[in-house]
Amino acid sequence: MTPREKALTNIPEAKKWVGAAVTALNFVIGFNGKRSEIDNLPHFKALKTHFHVSLGPPPGVVDRLLRLLPFVDGDPTLAILKDIRFNYFSILGALARDSIFIDAPAEGEGAKATAFVPQRRDGTLRITPLYMNVGQLNQTLVLVHESAHFIGDAFQDFAYRDRTGIDPNDPTKEVEPRKYIDLPVQFAIRNADSYAYFAVQMGKGIDRILGQEE
Ligand SMILES: [Zn+2]
């Protein structure tokens, strides 16, 4: 079995996780309880962990009335959640296309990668021999992560869940241990690992960093 063939066997599980992420987003977006209850939903808490969305006061002068309602039209948080959901649909679209997955050597920009999408997007999602060295959870996680990159080059590695990553403003800067946690929302919603880790949390109930030996 080639690394690509192995990856294809993990796609149904990756789709399941992404489906669970979409279901969770639907639940929060369509929540019809009180606005104050949204903050305590486990799904919303997970969205805060990975995408750093926050429930600010609703806009406008009718704050007091709106506080009793769930999301209202024009709510910036709702717009962000819908954007995240749309991106998960795009991730599902990538996972549905077997032909984009190809075998490739772990060389150049993919030298240490189990899978990668070339910086210059060429319609491929490359699986390297290193893919065979990691466990099933990691093999699935990386498919979601790379499918996020596949959406377009706005999707980058601004911060990894394991606390490393490039500084969006200064790629030469040292990595910071709190980077993933403190990543501003505008970067978090374009961060590949945020999509991967929210999906694994919703799909498997796993809220921890997956190591190389999973
Ligand atoms: Zn990446």
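This is a predicted model: local features need pLDDT of at least 70, side-chain atom pairs count only at pLDDT 80 or more; totals for chains, interfaces and linings use all residues.
The protein contains nine helices and three strands. Along the sequence these elements follow the order α-α-α-α-α-β-β-β-α-α-α-α. The protein has 214 residues, of which 37% count as buried. Among contacts between residues at least 6 apart in sequence, 67% join residues at least 24 apart.

Helix 6 spans residues 136-151. At 1.5 Å a residue, its 16 residues should span 22 Å, and the end C-alpha atoms of helix 6 lie 23 Å apart, which agrees with that expectation. Of these 16 residues, 14 are buried, so helix 6 is largely enclosed by the rest of the structure.

Helix 1 (residues 3-29) packs against helix 6 at an angle of about 70°, and the two axes are 8 Å apart. Helix 1 is therefore roughly perpendicular to helix 6, angles of 65 to 115 degrees being assigned to that class. The crossing of this pair is right-handed. On the side of helix 1, the contact involves A7, N10, I11, E13, A14, W17 and V18, while helix 6 contributes Q139, T140, L143 and V144. Sorted by class, the contact of helix 1 with helix 6 comprises seven nonpolar, three polar and one charged residues.

The axes of helix 6 and helix 9 come within 8 Å and cross at roughly 140°. These two helices are therefore oblique to each other, since an angle has to be over 145 degrees to count as roughly antiparallel. The crossing of helix 6 and helix 9 is right-handed. In this contact L141, V144, H145, A148 and H149 of helix 6 meet A192, D193, Y195, A196, A199 and V200 of helix 9. By class, eight nonpolar, two polar and one charged residues make up the contact of helix 6 with helix 9. V144 belongs to the contact of helix 6 with helix 1 and also to the contact of helix 6 with helix 9.

Helix 9 (residues 192-204) has 13 residues, and the distance from its first C-alpha to its last is 18 Å, close to the 18 Å expected at 1.5 Å a residue. Twelve of its 13 residues are buried, so helix 9 is largely enclosed by the rest of the structure. The buried residues are A192, D193, S194, Y195, A196, Y197, F198, A199, V200, Q201, M202 and G203. Their cover includes helix 1, helix 3 (42-51), helix 5 (76-95), helix 6 and helix 8 (185-188). After helix 9 comes G205, which has a positive phi, near 70°.

Residue T128 lies in the loop between strand 3 (125-127) and helix 6. T128 has 21 other C-beta atoms within 10 Å and is therefore buried, the cut-off for that class being 20 or more. Not counting residues up to four places away in sequence, T128 touches P3, A104, P105, A106, G110, A113, T114 and A115. From T128 to I102 the C-alpha to C-alpha distance is 8.7 Å, and the two residues are 26 residues apart in sequence.

Conventions. Residues are numbered from 1 along each chain as its sequence is written. Axes are lines fitted to C-alpha atoms, for helices over the stretch in contact, and angles run from 0 to 180 degrees between N-to-C directions. Helices (H or I, at least four residues) and strands (E, at least two) are DSSP runs, numbered from the N terminus. Angles under 35 degrees count as roughly parallel, over 145 as roughly antiparallel, 65 to 115 as roughly perpendicular and the rest as oblique. A crossing is left-handed if the near helix is turned anticlockwise from the far one by less than a right angle, and right-handed if clockwise. Two residues are in contact if their C-beta atoms, placed from the backbone, lie within 7 Å. Ala, Val, Leu, Ile, Met, Phe, Trp, Tyr, Cys and Pro count as nonpolar, Asp, Glu, Lys and Arg as charged, and the others, Gly among them, as polar. The expected span of a helix is 1.5 Å times one less than its number of residues.
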